[in-house]
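Please read them beside the model.

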Amino acid sequence: MKVGILGGGLCGLVAGSKIKNSVILEADSSPGGHCRSEISDGYTYDIGGPHIIFSRNKKILNYMKNALGDYMNYGLRDNKCFYKGDFVNYPFENGIYELDPSVRLNFIKDFFNADRIGHPKKNLNDWFYQRFGPSLSKEYLVPYNDKIWNIKSKNLTSDWVEGRIPMPSDEDMLKVACGLSTVGYSHQAKFIYPKSGGIQRLTSYFLDKCRDIKLNEKIKKVQKVKGKWIVETSKNSYEFDKLISTIPIHDLLKCIDNVPKKVISSAKKLKFNSLINIALGFKLSRKHTHTAVYIPNPEYLPHRISFPRNFSSSNVPKGRELVNLEITTNFNDKIYNEDKNNLKDISIKLLKDLGYINKQKIEYFNIFKTKHAYVVRDKFYREALKMSLSFIKNKSIISLGRNAEFEYINMDEAIRRTFEVLKTHSFK
Ligand SMILES: Cc1cc2nc3c(=O)[nH]c(=O)nc-3n(C[C@H](O)[C@H](O)[C@H](O)COP(=O)(O)OP(=O)(O)OC[C@H]3O[C@@H](n4cnc5c(N)ncnc54)[C@H](O)[C@@H]3O)c2cc1C
């Protein structure tokens, strides 16, 4: 049986490394999808935003560790939340132990008065107020989430957050009230990041095991002719017995003929966010251990900045700092198409305001854009996804991965789902 794998991101590469008679068709000139890294002028960073390795799933975590082998390296999270000119430890609700007791008191009082066990409110904004109380919500959680999701959190559902946005325990919050430090979101407090080569080190492991991968081959048409799948790309035509699609669900539907109108209109309701990732390299002026800083302030475009130097020292030349600034936006909107130099100026201003740059010259500057970055779960999401996915399933195409299944999943879950597909389908 010949298997066609559409897309050579993490899922496509893991599947391709395991299925003997398979061909991966990838639109880009390099494989890895979100998990690609840029190495230039001595700087290394991840194109699709910083990718750290962590998981509650021990089996998958071990699998990723083994894949990295000698390149495996542990890092310690030192994330901060930028709050009223201060750096508060991440997650914010745990970090407020550092704030002035009079400010802290309000947060804590509201937290303990909140309904933390009742039936969850339906929209994300209300869910924050319900679970964390008004002060934490108003001061940090809502403005930060409005920014990263590029949509008001009252227009997002909350059916995905329980377990995903971690709730601090009462004991933790009592400690916080007393000014004692606690570690929230602890399964991520110690993370793994490749010693060198960026996150692409992980995908390279699978790439080496793939039998056949074609690059620069964008899928254009997918059709079944006499029991075989005919896949037309920008360059060639291929024949397969079975198809796994890891490409964005919207794009796959555009490649199939005679898709019913109701499916097309449901796919149009599936909203996603794009990402701009700006990289700036300069002389290091202040040695710090920050890994990322979350910025809820609406006056700054980036919602998060990160420091690849503190993921692995080999990510920067000696004595240099590298900062990645992430902006979520709509595909092709004004910000997405903003002039590069304006984005550079905006970034420099933010880094100066935060004290990471004094008068240093910017020695390195680059920008990467990812069209399909974040799945936006608004009120249309569930129904629209169900309709689109069931149409694809009825065609006997296997949907796999973050953009094909259109779910907010991390690398561990992407790998787990690939294993699940390998277990539940025959590819012999
Ligand atoms: C900003 C950001 C930060 C993240 N941080 C982390 C993190 O710290 N830790 C973590 O575990 N996870 C993280 N993730 C999640 C992680 O990136 C994904 O779970 C994982 O990469 C999904 O892999 P995939 O194969 O499903 O998708 P993709 O990587 O999207 O792969 C799909 C592939 O299909 C190709 N393709 C698309 N259209 C076509 C076409 N028409 N024809 C041919 N090929 C096509 C693409 O070029 C791509 O290579 C992050 C994601 C984002 C967006």
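1. Helix 5 and helix 6 meet through L124, N125, F128, Y129 and F132 on the helix 5 side and P134, L136, S137, L141, V142 and N145 on the helix 6 side. Contact here means that C-beta atoms, placed from the backbone, lie within 7 Å. By class, this contact has 8 nonpolar, 3 polar and no charged residues. Ala, Val, Leu, Ile, Met, Phe, Trp, Tyr, Cys and Pro count as nonpolar, Asp, Glu, Lys and Arg as charged, and the others, Gly among them, as polar.

2. On conventions, the model is predicted, so local features need pLDDT of at least 70 and side-chain atom pairs count only at pLDDT 80 or more, while totals for chains, interfaces and linings use all residues. Residues are numbered from 1 along each chain as its sequence is written. Helices (H or I, at least four residues) and strands (E, at least two) are DSSP runs, numbered from the N terminus.

3. How do helix 5 and helix 6 pack? Helix 5 (residues 124-132) and helix 6 (residues 134-149) are at an angle of about 145°, with axes 9 Å apart. Axes are lines fitted to C-alpha atoms over the stretch in contact, and angles run from 0 to 180 degrees between N-to-C directions. The crossing is right-handed, that is, the near helix is turned clockwise from the far one by less than a right angle.

4. Helix 11 (residues 340-353) has 14 residues and spans 20 Å between its first and last C-alpha, close to the expected 20 Å, which is 1.5 Å times one less than its number of residues. S347, I348, L350 and L351 are buried (20 or more other C-beta atoms within 10 Å; exposed means 12 or fewer, partly exposed in between). Because these buried residues of helix 11 fall within an arc of 160° seen down the axis, they line one face; the arc is that of the directions from the helix axis to the C-beta atoms. N341, N342, D345 and K349, on the other side, are exposed. Cover for the buried residues includes strand 14 (272-283), strand 17 (320-329) and strand 18 (362-375). Just after helix 11, G355 has a positive phi of about 85°.

5. Helix 8 (residues 200-207) is largely enclosed by the rest of the structure, because 6 of its 8 residues are buried. These are Q200, R201, L202, T203, S204 and F206. Their cover includes helix 1 (10-18), strand 3 (37-40) and helix 2 (58-68).

6. I392 lies in helix 12 (residues 381-394) and counts as buried because it has 22 C-beta neighbours inside 10 Å. Beyond neighbours within four places in sequence, I392 contacts L252, I397 and S399.

Technical notes. Two residues are in contact if their C-beta atoms, placed from the backbone, lie within 7 Å.
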